[in-house]
Amino acid sequence: MSQWSNPDASGNIWNTNTGNVGIGTTSPTFPFHVVGSVNDLIGITGSGGGRGGIYIQNTNSGGFASLIMENNHGSFGSYGQFVIGGSTNGYSNNFGLSNADRVIISAGGPNNLGLSIGTQTAQPLVFGTNNAERMRIDGSTGKVGIGMTTPQAMLHVRSTGTTDGTYSFLLQGSTGNNTFMVGDAGGVYVGSTATHGLVMINSATDASLSLNPGGVNVSALSIYTNVSPSGNYATLGNSSIGFNFDTRGGIPPLRIMNAGQTQEYLSLFSNGNVCINTNMTDNGNKLQVNGNLWTTGLILPTSAGAGKVLTSDANGNATWQTASGSSSGGWSLASNSTATTDNVGIGTTTPAAPLEVQVGQLSQTAGQTYEMARIDGYTANNSQIRFLLNRFAAGTGWTTASTRIQAWTDVSPQAYIDFNPNGATAGMAFGSGSTEQMRITQQGNVLIGKTSQINSGYMLDVNGNGRFNQVVVNTSGADFVFDSAYHLPSLPELQKYVQANHHLPDIAPAAVMQQKGVDLGDNQTRLLQKVEELTLYLIQQDKEIKALKERNRVLESMEQRLSRLEQSLK
């Protein structure tokens with residue numbers, strides 16, 4: 001007999017059976033009991049625009065709305081559950097949370113081996129609260145990100161930047177004391193707070209390193225040798241004395257040495273003297289330097305005064321002295337108030353000019369360079385003018401060395417002028433970088449694109465092409481061709497000459513042009529001579545052509561008369 005109702009006005013039907021309903025079983029033990037051997041026992045497909053699936057509700061506020069899955073062990077030997085407790089659920093807490101109105105996912109049973117939550121593909125696993133993402137595990141790399149969506153390390157934590165805490169990472173002990181912290185601004189603190197940053201290595205009673213432990217008159221950095229801080233031999237920072245270096249066994253309290261501790265670079269002695277590269281030897285002066293000293297400024301206030309000069313005695317002691325001759329015009333040191341007529345020498349005690357600079361000896365080896373002076377421009381432009389001596393050939397005299405003035409920018413050589421360049425003694429050369437572009441020889445010849453010339457008779461010798469807007473060459477012209485006394489060769493004579501010499505009279509053959517070049521002025525005159533000779537030939541040919549035309553006209557007239565006479569005799 002059917003236990004189903006007839007459809008109501010909305011088409012709904014229901015089962016009126018008061019017992020359990022079984023599918024695949026004749027003894028159902030649940031209100032709805034399905035038994036089968038297929039993979040999927042129940043299929044639910046929804047096509048609505050809202051929720052589609054299974055809706056589970058327990059109307060008892062003290063119970064659970066749950067989805068429980070049990071495997072083949074039975075009797076809850078191994079199970080997983082998805083439950084939410086009622087609003088007054090009084091069961092024992094789960095994981096420290098009350099069951100009331102809380103959703104819990106868990107696995108249990110004596111045979112259960114764990115709970116897995118994850119994705120089957122390379123999609124991320126995301127955790128969130130308050131409808132916002134809080135943590136994710138990247139599906140491709142397994143990297144964990146907290147506070148960010150693209151973790152760059154296996155654990156990547158980023159602070160939210162809000163006022164909900166001082167740290168982005170915090171470890172505390174069982175008593176609640178901070179043990180390790182990473183501040184929101186990036187600072188790392190051990191054993192204290194972000195404002196007090198305590199760091200200690202070894203134990204609290206026998207520390208080998210302590211950073212800002214706090215308290216009055218306690219060093220910000222201490223290095224101890226035993227339990228008592230009195231045994232330390234280095235303390236940096238103190239609320240009362242700042243820096244404190246203690247002496248140990250006569251060794252300078254502060255030393256900077258090389259890695260092998262075989263060479264001392266700097267020593268600070270208990271008497272306050274500072275030694276640099278002296279191998280811990282104190283000669284009694286406040287600052288001792290074994291080597292060169294480079295500084296952008298030096299102030300010696302003792303006995304200093306306007307117009308004084310710094311001088312040295314035989315032992316190297318420097319003092320400020322009044323410049324000799326300052327009252328008689330030999331020196332002018334105050335705002336160019338007085339011009340001096342004496343010579344100034346740098347590197348020489350007998351200057352022969354208003355300013356004479358003598359430098360060291362240039363090496364005799366070919367290829368050596370000696371910089372005599374340098375003028376620097378504005379620092380940001382890195383512009384310089386350098387004065388150099390170059391030994392272009394082995395020797396000691398001036399004939400094997402050139403003097404160069406060269407511009408430099410950004411440590412790169414630019415344009416230069418060479419005096420007495422290689423291969424042009426007493427001449428000048430102009431170049432760029434390290435390449436010569438033009439040279440003026442001792443004779444005044446100008447060479448462009450070359451450093452020597454075969455024929456020194458040319459004042460301008462160019463190895464390359466030239467382009468000009470206008471070139472004017474001095475020439476005498478060839479009007480002498482039209483002089484009545486000028487001998488114009490006959491065409492047979494000209495033909496005979498060309499056949500014998502393969503070039504026109506008065507014109508240099510090609511071989512000579514290739515070897516010596518062409519004198520533009522002379523060649524232009526000779527070409528004009530040939531043009532004018534051609535003009536005379538044309539005038540002569542014109543006369544002969546006119547005479548031939550006249551003879552032809554007479555012959556044609558006579559031929560016509562003879563033709564008419566023959567016609568009359570027939």
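Predicted model: local features only at pLDDT ≥ 70, side-chain atom pairs only at ≥ 80, totals over all residues.

User: Which residues does Thr 425 touch, not counting residues up to four places away in sequence?

Analyst: Start with where Thr 425 is: the loop between strand E29 (412–419) and strand E30 (428–432). Leaving out residues up to four places away in sequence, the contacts of Thr 425 are Trp 398, Asn 420 and Gln 442.

User: Is Thr 425 buried, partly exposed or exposed?

Analyst: Buried means under 20% relative accessible area, and exposed means over 50%. Thr 425 has a relative accessible area of 35%, so the label is partly exposed.

User: What separation do the C-alpha atoms of Thr 425 and Ala 401 have?

Analyst: Along the chain, Thr 425 and Ala 401 are 24 residues apart.

User: Moving on to rings, is the pair of Phe 64 and Tyr 91 stacked, tilted or edge-to-face?

Analyst: The count comes to three aromatic pairs. For Phe 64 and Tyr 91, the distance is 5.0 Å centre to centre, with 50° between the planes. Planes under 30 degrees apart would count as stacked and over 60 as edge-to-face, so this pair comes out as tilted.

User: Which parts does that pair tie together?

Analyst: Phe 64 lies in strand E3 (residues 64–70), while Tyr 91 is in the loop between strand E4 (79–85) and strand E5 (103–108). Phe 64 is partly exposed at 26% relative accessibility, whereas Tyr 91 is exposed at 51%. So the pair links parts 27 residues apart in sequence: strand E3 and the loop between E4 and E5.

User: Why is the pair of Phe 76 and Tyr 79 edge-to-face?

Analyst: Their ring centres are 5.4 Å apart. Phe 76 is partly exposed at 46% relative accessibility, and Tyr 79 is partly exposed at 21%. The pair is edge-to-face because the planes are at 90°.

User: Over which ring does the charged end of Arg 404 sit?

Analyst: There are two arginines to look at here. Arg 386 lies over the face of Trp 408, at 3.8 Å from the ring centre. The charged end of Arg 404 sits 3.8 Å from the centre of the ring of Tyr 416.

User: Last one: which are the edge strands in the open sheet of four strands?

Analyst: The strand order is E18-E19-E20-E21, with mixed pairing. Within the sheet, E19 and E20 run antiparallel and are joined by three bridges. Pairing on one side only marks the edge strands: E18 (254–257) and E21 (287–289).

Terms used:
Residues numbered from 1 in each chain as written. Heavy atoms only, no water. Helix = DSSP H or I, 4+ residues; strand = E, 2+ residues; numbered from the N terminus. Buried < 20%, exposed > 50% of the residue type's maximum accessible area, 1.4 Å probe, protein only. Contact = heavy atoms within 4.5 Å. Phe/Tyr/Trp six-rings, centres within 6.5 Å; stacked < 30°, edge-to-face > 60°. Lys NZ or Arg CZ within 6 Å of the ring centre and 35° of its normal. Pairing = 2+ DSSP bridges.
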